Amino acid sequence: MSFEIIGKKSLAEGIVEMDVHAPRVACSARPGQFVIVMACEECERIPLTLVDWSCRDGWIRLVFQEVGVSTYKLGMMNVGDRLYHVVGPLGNPTHVEKFGVVAVVAGGVAIAAAYPIARAFREAGNIVVSFIGARTSRLLIYRDYITKISDEMHISTDDGSEGFKGFVTQLLEKRFAEGFKPNLVWVVGPAPMMRSCSVVTKRFEIKTIASLNPIMVCGMGMCGACRVRIKNEIRFTCVDGPEFDAWDVDWDELIQRLSAYREEESYALKLFLESRKVKGG
Amino acid sequence: MVKPKTRIPIPKRPAEERIKDFNEVAIGYTEKEAVEEASRCIQCPDKPCVTGCPVGVDIPRFIKFVREKKFEEAYKVIKEKCPIPAITGRVCPQEKQCEKMCRLAKIGQPIAIGALERFAADWAREHGISIDEKPNQLMGKSIAVVGSGPAGIVVASDLARLGYQVTVFEALHVPGGVLVYGIPEFRLPKKIVYEELKNLKDIGVNIETGVIVGKTITVYDLLKEFDAVFIGSGAGNPKFLNIPGENLGRIYTANEYLTRVNLMKAYMFPAYDTPIHRGKRVAVIGGGNTAMDAARTALRLGAEEVYVVYRRTRREMPAREEEIANAEEEGIKFLFLVQPVEFLGKSKVEALKLEKMKLGEPDETGRPRPIPTGETITIDIDIAITAIGFNPNPLIPKMTPEIKIDKHGRIIVDKEARTTMPRVYAGGDIVIGEGTVIEAMGWGRIAAKTIHKDLTTA
């Protein structure tokens, strides 16, 4: 397998869209699944949601934010370069059927991850009402894609530069209070945002599915790094998920486990960015 | 030459030196030492040692060649039955297999068969000896092998030698399975694994990494493309203690801990991007080889105190004697007859509460059953690693209902490694649960024979 980069685009500052030649993955991919990529041999294994794919042309599309050393290294790669490793599709596909009205809620870079799911819900005959939120309007990536496949679109920004001023979950709550009652809420984004969302939907008693993003190493059920507590039982996000009923997730534990390597990560990133400067970057 | 009565121990680096790095602990015999040790072999005609070897290496014959300083011939004899002798020479539990059956074991110390096997393999590698050749005749049939661990390696090697076109599918980014993610560098250098795997490529085996059978492609897809499929997907699914606090920060499964260190080279962080927590006081829970590996890894990552916590006594520990002894030499502390009941801490683990146990009547495993006493002790720790065993990987059976499994999730096979699905075979840990490298290889050998038989008589 070559895993050649065949397309690359900057979506916003620090957010990159990349098309990678991976024909086997492209032909098995379904909405809600993810891949693990390694940009280089020394890089970490990074789980990334499959944003789009083409079996006929043999490519997969990934969107990621440069936050740590390995995602920076990935972001530095260009069309024609080859990724060291790509494996997938991993995880279980989203359960898609005709529910009626589905609210798709997404925050930050995860808006891209919501796109194939929103599209699948729409294709299954649902009315799709999308809620997307970001820190500021420039970071509302994939807005056009989501708009195109949504029956209704709601936007929020933390700074009020576009749409509702505040968090996307506050916007969702506002709509619920106004009488909006979808049959299902599907949410993806930073864990604290998903936790807030589950609190809101529980209060309004609307079933909610969340796509989790814990720290992951192997991605195939062998290492247990991505374990989460679901209804007080240990489950592996990679093979049992990545989607779970949002009300069953132990969010506090997930958020705590996500911060496990914060110190190490910032230390490594500092070293990396300094070394790039030295090299005249 | 005077025959030495006692076994020549395999030279090892001193404990105080070796705990500072990840380089190999055992140095291996010199030619002189190997010849001397080999000369102790009494060459008994009924070869009991061979019956103790799951792949049937002709042990007395190779040892005779070592004694005669015909090292290349010795290597060739081993390679007739074992495709990866540099690996098995290092990680086989010889004391429970070939060496246990050795006549000399009854009257003194058995021949150091493992150390001699390793010597022959290392000698051949250092002298550039390669005896792996592509087969002359091709069978015109192709085989898919799922998993590139010990079972898959043997199946691939045996069938490629018979002239089959073999493709091995590996999910991780490097082949070798447990040999690369599970066994530490200081016990099995990865360079050795890659050299042995290179031999596999030399005989025409195609290895494709980054393919998860059951996800990337299915067993059904493989059956369209290949004449037979062998499943050697292992038992990598970690068990949990199911006690409070188990998901606190800095509590690892042994598989995560070892994968970060061995496969992702976290011990070289930040030169490698994958981090690992280096604790001062580390508790490893379990008594098998994996527990020893994790404990000794923690020591090398800079821990001041490492405890192995085991619910029975030293005598019942499933780990290899050599590895327990290595761990003891290196200063690992053992707490026997204790069972973890709770991890304590706020966000990260800070202490481990243990209940003292006593031994009762033997249980179904034949070992005395640990019985709780109600008395507890608490030890302060900042890292915990659980190494209490694995379940078979559930992915393939889940995606392939025709492949029947038992109540433990192991794939059911007949004694010739056939699964309940036509043209699909299985072996290794996915069939036996948790076995050793060589047991998995033994299953690979059985499966290869059956596949060849079925494809040539059908």
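A residue counts as buried when its relative accessible area is under 20%, as exposed when that area is over 50%, and as partly exposed in between (1.4 Å probe, protein chains only). By this rule Cys43(A) is buried, with a relative accessible area of 1%. The model is predicted: local features need pLDDT of at least 70 and side-chain atom pairs count only at pLDDT 80 or more, while totals for chains, interfaces and linings use all residues. Residues are numbered from 1 along each chain as its sequence is written, chains are lettered from A and ligands numbered from 1 in the order in which they are written, and side-chain values use heavy atoms, with hydrogens and water left out.

**Disulfides and cysteines**

- The structure holds two disulfides over all chains, a disulfide being a pair of cysteine sulfur atoms within 2.5 Å.
- In one of them, Cys27(A) and Cys55(A) have their sulfur atoms 2.0 Å apart; this link is right-handed, with 90° about the S-S bond.
- The pair links distant parts of the chain, 28 residues apart: Cys27(A) belongs to helix 1 (residues 23–28) of chain A, and Cys55(A) to the loop between strand 5 (52–54) and strand 6 (59–65) of chain A.
- Cys27(A) is partly exposed because its relative accessibility is 43%, and Cys55(A) is partly exposed at 41%.
- Cys40(A) and Cys43(A) form a disulfide with their sulfur atoms 2.2 Å apart, and this link is right-handed, with 95° about the S-S bond.
- When the bonded cysteines of chain A are numbered in sequence order, the pairing reads 1-4, 2-3.
- Cys197(A) is buried, at 0% relative accessible area.
- Cys53(B) is in no disulfide, and the nearest cysteine sulfur, that of Cys98(B), is 6.4 Å away.
- Cys53(B) is buried, with 14% relative accessibility.

**Chain A as a whole**

- Chain A has nine helices and 16 strands; helices (H or I, at least four residues) and strands (E, at least two) are DSSP runs, numbered from the N terminus.
- The radius of gyration of chain A is 18 Å, close to the 19 Å that the globule rule gives for 281 residues, so chain A is as compact as a globular protein of that length.
- This radius is taken over C-alpha atoms, and the globule rule is 2.2 Å times the number of residues to the power 0.38.
- Along the principal axes, the C-alpha atoms of chain A fill a box of roughly 55 × 45 × 40 Å.
- Of the 281 residues in chain A, 57% are buried.
- With a contact meaning heavy atoms within 4.5 Å, 65% of the contacts in chain A between residues at least 6 apart in sequence join residues at least 24 apart.

**Chain B as a whole**

- Chain B contains 19 helices and 15 strands.
- Its C-alpha trace spans about 65 × 60 × 50 Å along the principal axes of chain B.
- A compact globule of 458 residues would have a radius of gyration near 23 Å, and the 22 Å of chain B agrees with this.
- In chain B, 60% of the 458 residues count as buried.
- Among the contacts in chain B with a separation of 6 or more, 69% are between residues 24 or more positions apart.
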